[in-house]
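Welcome, and take a moment to look over the chain before reading on.

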Amino acid sequence: MTSHITSRGGEAVRVRRADARDAKRLTRLVRSSRAYEGPYADMVAGYRVGPDYIEAHEVHAAVGADDRVLGFYALLLVPPELDLMFVADEAQGLGIGRLLIAHMTDRARAAGLERVRVVSHPPAEGFYRSVGAIRVGTARANPPAVRWDRPELEIPIPVG
């Protein structure tokens with residue numbers, strides 16, 4: 001399944017299944033995200049999206065015409081969870097996040113899921129709510145890796 005949009009800059013964007021060759025680019029996107037600067041930096045400092053992770057899970061990348069990775073997500077099927085979702089800093093505000101959520105929703109529906117759990121980066125909660133996620137709780141801090149509470153949300157998957 002591939003989805004297409006046109007960004008504000010007129011560039012065609014498609015979502016494709018990530019493969020092992022994308023591992024370094026996805027890792028770089030995570031580690032360089034401005035959303036994880038300051039007090040959040042420790043969480044992604046040594047983070048790695050490895051080829052084994054990509055092969056084991058539903059990992060999809062939004063790419064531009066030149067195959068530049070603009071964002072990606074990882075959907076775990078058991079238990080259903082949006083484990084990772086990142087949009088490149090330079091692609092923020094172009095609809096890439098919404099495209100990825102729509103694609104993830106289609107994949108979740110195809111897998112027979114009714115809802116997908118999201119433990120959100122605190123500053124991203126508003127985005128997830130804007131795409132239909134519902135706050136269901138709080139994931140408590142777990143130092144030293146995560147030193148802050150995080151919103152726990154669910155994205156309902158409508159029957160297609």
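Let us begin with alanine 141, which is partly exposed because its relative accessible area is 31%, a value between the 20% and 50% cut-offs. Please keep in mind that this is a predicted model.

- Alanine 141 sits in the loop that runs between strand E7 (134-139) and strand E8 (150-156).
- Setting aside neighbours up to four places away in sequence, alanine 141 has contacts with Val146, Arg147, Trp148 and Asp149.
- Is valine 118 buried or exposed? Its relative accessibility is 1%, so valine 118 counts as buried.
- Valine 118 belongs to strand E6, and its contacts beyond four places in sequence are Leu82, Tyr128, Pro151, Glu152, Leu153 and Ile155.
- Valine 118 and leucine 84 are 34 residues apart along the chain, and 8.9 Å separates their C-alpha atoms.
- Threonine 27, in helix H1, is buried as well, with a relative accessible area of 9%.
- Once residues up to four places away in sequence are left out, threonine 27 touches Tyr47, Arg48 and Val49.

**The nonpolar core**

- The largest nonpolar core is made up of 47 residues.
- Which residues have the most contacts inside this core? They are Phe72, Leu82 and Met104.
- Strand E4 provides the largest share of the core, namely seven residues.
- Methionine 104 is in contact with Tyr73, Leu75, Leu82, Val116 and Ile155, not counting residues up to four places away in sequence.
- Leu82 and Ile155 are among the residues touched by methionine 104, and valine 118 touches Leu82 and Ile155 too.

**The largest pocket**

- Rolling a probe the size of a water molecule over the atoms shows where empty space is left.
- The volume of the largest pocket is about 790 Å³.
- This pocket is lined by 33 residues, and those closest to its centre are Tyr36, Met85, His121, Ala124 and Tyr128.
- Which element gives the most to the lining? That is strand E5, with seven residues.
- At least two lining residues come from each of helix H2 (41-44), strand E5 (80-87), helix H4, strand E6 (115-119) and helix H5 (125-130).
- By type, the lining of the largest pocket holds 20 nonpolar, seven polar and six charged residues.

**Salt bridges**

- Side chains of opposite charge can pair when their charged atoms come close.
- How many salt bridges are there? The count for this model is 18.
- One of them joins arginine 14 and aspartate 67, whose closest N and O atoms are 3.7 Å apart.
- Arginine 14 is in strand E2 (residues 12-17) and aspartate 67 is in the loop between strand E3 (58-63) and strand E4 (69-77), so this pair ties together parts that lie 53 residues apart in sequence.
- Arginine 14 is partly exposed, at 32% relative accessible area, and aspartate 67 is partly exposed too, at 29%.
- Aspartate 67 also forms a salt bridge with arginine 25, at 3.5 Å from N to O.
- Because aspartate 67 lies in the loop between E3 and E4 while arginine 25 lies in helix H1 (residues 23-32), this second pair ties together parts 42 residues apart in sequence.
- Arginine 25 has a relative accessible area of 27%, so it is partly exposed.
- Glutamate 58 and arginine 107 make another salt bridge, with their closest N and O atoms 2.9 Å apart.
- This pair links distant parts of the chain, since glutamate 58 is in strand E3 and arginine 107 is in helix H4 (residues 96-110), 49 residues apart.
- Glutamate 58 counts as buried at 12% relative accessibility, whereas arginine 107 counts as partly exposed at 23%.
- Through shared partners, salt bridges join Arg14, Arg16, Asp22, Arg25 and Asp67 into one network.

Key
Residues are numbered from 1 along each chain as its sequence is written. This is a predicted model: local features need pLDDT of at least 70, side-chain atom pairs count only at pLDDT 80 or more; totals for chains, interfaces and linings use all residues. Side-chain values use heavy atoms; hydrogens and water are left out. A salt bridge is a side-chain nitrogen of Lys or Arg within 4 Å of a carboxyl oxygen of Asp or Glu. Helices (H or I, at least four residues) and strands (E, at least two) are DSSP runs, numbered from the N terminus. Buried means under 20% relative accessible area, exposed over 50%, partly exposed in between (1.4 Å probe, protein chains only). On a 1 Å grid over the protein atoms alone, a cavity is a set of points where a 1.4 Å probe fits but cannot get out, and a pocket is an open set with protein on both sides within 12 Å along at least five of seven lines; lining residues have an atom within 4 Å of a point. Grid points are joined across faces, edges and corners, and a volume is the space filled by probe spheres set on the points. Ala, Val, Leu, Ile, Met, Phe, Trp, Tyr, Cys and Pro count as nonpolar, Asp, Glu, Lys and Arg as charged, and the others, Gly among them, as polar. A nonpolar core is a set of buried Ala, Val, Leu, Ile, Met, Phe, Trp, Tyr and Cys residues joined through side-chain atoms within 4.5 Å. Contact means heavy atoms within 4.5 Å.
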